[in-house]
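The following note comments on a single-chain model, point by point. The sequence and coordinates are shown first for reference.

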Amino acid sequence: MSDQAGAWMGLPERVKPLVTAGAVLGLGLGGFFDGIVIHQILQWHHMVSSHANPAVAGNLELNVMADGFFHVGTYVFTVLGIVLLWRAWGRPGVPKSGRALFGSVILGWGLFNVIEGLVNHHLLGIHHVWPAGPGSVLLWDLGFLLWGGLFIVVGYAVVRRGTGVQSLERTPAEAGQGE
C-alpha cells in the first residue's frame, strides 16, 4: 500500500504500526458500542433478528447467544489492538502520539460500521439497524454506512494532523532545527 518511498496511505511508514493498532482497537470498540448500545440497551435488533427463517429471527435465546458470539469477536479485536499498540510503542521510531492513536481508533470504528453494515445489513440481511424505527429500513442501514464512512474520513484527518505528518517526514535532526 506504499504509494511512494517511505510513505504508507499518505503517512510516513513509521506511523504504520500505531495506525494499525489503533484501527484494530477501533474495530473492537466500534463492535462493542454496536453490541452494547444498539443490541442490548436500545434493543433495536439482535444479531440474526432479520434472518430469512422466522424461527431463527424470532428466537430470542438464539439471538442473544449470537450477540454473545459477536461480543467474543469484538473482545478479540480489542485485545489484539491493545497488544499491537503495546508492541508499536515499544518499537523505536514509532511516534507516541495520542492524537494519531485516537484518530486511528475512530478510523477503525468507521471500518467496523462499513464492513458490518455491508455484510450483515446488505449482503446477508441477517439484521438491520432499526427495522421497527421511523422511516425506511434501507435509510437506517445506509445512514449506518454513512456514519462509518464519516468516521473513516474524520479518523484519517485526525491521524494526519495528530501525527504532524510534515514533522514526521523530517528527520529528527531537521525537526530540531529552528525550535
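Is His46 buried or exposed? The answer opens the points below.

1. His46 is buried, because its relative accessible area is 15% and the cut-off for burial is under 20%. The residue lies in the loop between H1 and H2. Setting aside neighbours within four places in sequence, His46 is in contact with His39, Leu60, Asn63, Asp67 and His127.

2. The model is predicted, and confidence should be read alongside the geometry. The average pLDDT of the chain is 90, and 87% of the residues score at least 70. Over residues 1–5, however, the pLDDT is below 50, and this stretch has 8 contacts in the model beyond near neighbours in sequence. Residues 166–171 likewise have a pLDDT below 50, with 10 contacts beyond near neighbours in sequence.

3. As to overall architecture, the chain has 7 helices and 2 strands, which run β-β-α-α-α-α-α-α-α from the N terminus on. Buried residues make up 43% of the 179 residues. Of the contacts between residues at least 6 apart in sequence, 69% join residues at least 24 apart. The accessible surface comes to about 9900 Å², and carbon and sulfur atoms account for 70% of that area.

4. The largest nonpolar core has 14 residues, and those with the most contacts inside it are Leu11, Val15, Leu18, Val19, Leu85 and Leu101. Helix H1 (16–41), helix H3 (60–90) and helix H4 (98–123) are the elements that give two or more residues to this core. H1 gives the most, with 4 residues. Another core, of 11 residues, lies apart from it and includes Met47, Val48, Val56 and Phe70.

5. H3 has 31 residues and reaches 45 Å from its first C-alpha to its last, close to the 45 Å expected at 1.5 Å a residue. At the start of this helix, a side-chain oxygen of Asn59 reaches to within 3.1 Å of the backbone nitrogen of Glu61.

6. Apart from neighbours within four places in sequence, Val24 is in contact with Phe77, Leu80, Gly81 and Leu84. The C-alpha atoms of Val24 and Val76, 52 residues apart along the chain, are separated by 9.7 Å.

7. The 26 residues of helix H5 (137–162) should span 38 Å at 1.5 Å a residue, and the end C-alpha atoms are 37 Å apart, so the two values agree. At its start, a side-chain oxygen of Ser136 reaches to within 3.1 Å of the backbone nitrogen of Leu138. The buried residues of H5 are Asp141, Phe144, Leu145, Gly148, Phe151, Gly155, Val159 and Gly162. What covers them includes strand E2 (11–12), H1 and H4.

8. Pro131 lies in the loop between H4 and H5 and counts as partly exposed, because its relative accessibility is 35%. Not counting residues up to four places away in sequence, Pro131 touches Trp44, Ser50 and Val137. The C-alpha atoms of Pro131 and His45 are separated by 7.6 Å, although the two residues are 86 apart along the chain.

9. Most residues other than glycine have a negative phi. In Met9, phi is near 55°, a positive value in a residue other than glycine. Met9 is found in the loop between strand E1 (7–8) and E2, and is partly exposed at 33% relative accessibility. In Gln43, phi is also positive, near 55°. Gln43 has its place in the loop between H1 and H2 and is exposed, with a relative accessible area of 56%.

Note on methods:
Residues are numbered from 1 along each chain as its sequence is written. This is a predicted model: local features need pLDDT of at least 70, side-chain atom pairs count only at pLDDT 80 or more; totals for chains, interfaces and linings use all residues. Side-chain values use heavy atoms; hydrogens and water are left out. A nonpolar core is a set of buried Ala, Val, Leu, Ile, Met, Phe, Trp, Tyr and Cys residues joined through side-chain atoms within 4.5 Å. Buried means under 20% relative accessible area, exposed over 50%, partly exposed in between (1.4 Å probe, protein chains only). pLDDT is the predictor's confidence in each residue, from 0 to 100. Contact means heavy atoms within 4.5 Å. The expected span of a helix is 1.5 Å times one less than its number of residues. A polar contact is a pair of N or O atoms within 3.5 Å; within protein, one must be able to donate a hydrogen and the other to accept it, and residues adjacent in sequence count only if both atoms are side-chain atoms. Accessible areas come from the Shrake-Rupley method with a 1.4 Å probe; for residues, only the protein chains shown count as cover.
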